[in-house]
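Please open the model in your viewer and keep the sequence panel at hand.

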Amino acid sequence: LDRARDMEASAAAIADALNRHNNRNTGRVRVGAPDGFGNAILSRILPELISEDPGCEVELVPVPASHKLWRRDVDIAISLDRPMAGQTVMRKLIDYDLRLYASPSLLAKAPAPETREDLRAFPFVGYIDELLYTSELDFNRIILPDLDVIYKAATVKAQFDAVRNGSGMGVLPCFMAQDSDLVPVLPEDIQFSRTYWLLYPEAYKDLARIRTVSDFIHRRTHELAEIFAFFFF
């Protein structure tokens with residue numbers, strides 16, 4: 001298996017060298033990302049790269065629960081988990097804030113919560129336990145044990161839609177919620193911060209197309225840095 005991966009990397013490097021010799025930056029790059037970052041950020045910025053560099057061919061896919069860079073499921077992965085081992089190039093992408101949010105219609109049904117215990121009067125939305133691909137997203141258990149979670153979904157986009165619909169409160173990335181009518185609940189008490197990491201196989205570190213796409217994602221994400229932080233007027 002190691003020999004096969006080495007042969008694949010060598011073939012990719014040869015093709016990449018030929019493209020550089022011909023002043024071309026071509027070849028497919030598959031980027032895998034969690035649905036929140038993928039749908040809210042990458043789906044907006046990656047088309048810019050295609051406009052800047054028409055030779056690039058980029059694929060954006062959801063990161064599966066058990067994606068394996070070494071198995072070449074994706075070429076570049078955006079991950080919440082920092083790998084502790086393996087032949088992987090790792091770059092910190094960005095920290096992002098999350099808060100507990102509710103719709104105005106839901107908050108109108110009961111007195112505004114002043115403490116965590118008051119949250120028991122409200123329904124919640126969250127992830128499906130068996131499909132939670134990282135413990136970093138198990139927010140409801142951290143807030144309060146045995147909350148009334150009436151709606152569960154595998155994606156944060158589905159949870160966002162449920163919270164906006166008034167189905168329940170839910171923890172959401174601020175970069176998704178800040179342009180909506182959602183109201184942060186106990187934002188000074190209930191605070192979360194997580195980190196996105198950009199990863200790709202070490203065997204790909206010299207490939208021009210991988211560097212082009214990874215550098216672009218890193219640069220554009222940092223240009224948008226302010227939307228990843230919580231603010232509330």
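Why does Arg-220 count as buried? Arg-220 counts as buried because its relative accessibility is 13%, where buried means under 20% relative accessible area, exposed over 50% and partly exposed in between, with a 1.4 Å probe and protein chains only.

The model is predicted: local features need pLDDT of at least 70, side-chain atom pairs count only at pLDDT 80 or more, and totals for chains, interfaces and linings use all residues. Residues are numbered from 1 along each chain as its sequence is written, and side-chain values use heavy atoms, with hydrogens and water left out.

Keep Arg-220 selected and display its surroundings. The Arg-220 side chain makes a polar contact with the side chain of Glu-223 at 2.8 Å (a pair of N or O atoms within 3.5 Å, one able to donate a hydrogen and the other to accept it; residues adjacent in sequence count only if both atoms are side-chain atoms). Leaving aside residues up to four places away in sequence, Arg-220 touches Ile-45 and Glu-48 (heavy atoms within 4.5 Å).

Next, select residues 208–223, helix α7, which has 16 residues; Arg-220 is found in this helix. Helices (H or I, at least four residues) and strands (E, at least two) are DSSP runs, numbered from the N terminus. The buried residues of α7 include Phe-216, Ile-217 and His-218.

Then select strands β1 (residues 27–33) and β2 (residues 56–62), which run parallel and are joined by seven bridges. Within this pair, Gly-27 has Cys-56 in β2 as its bridge partner.

Notes
The expected span of a helix is 1.5 Å times one less than its number of residues. Two strands pair if DSSP finds at least two bridges between them.
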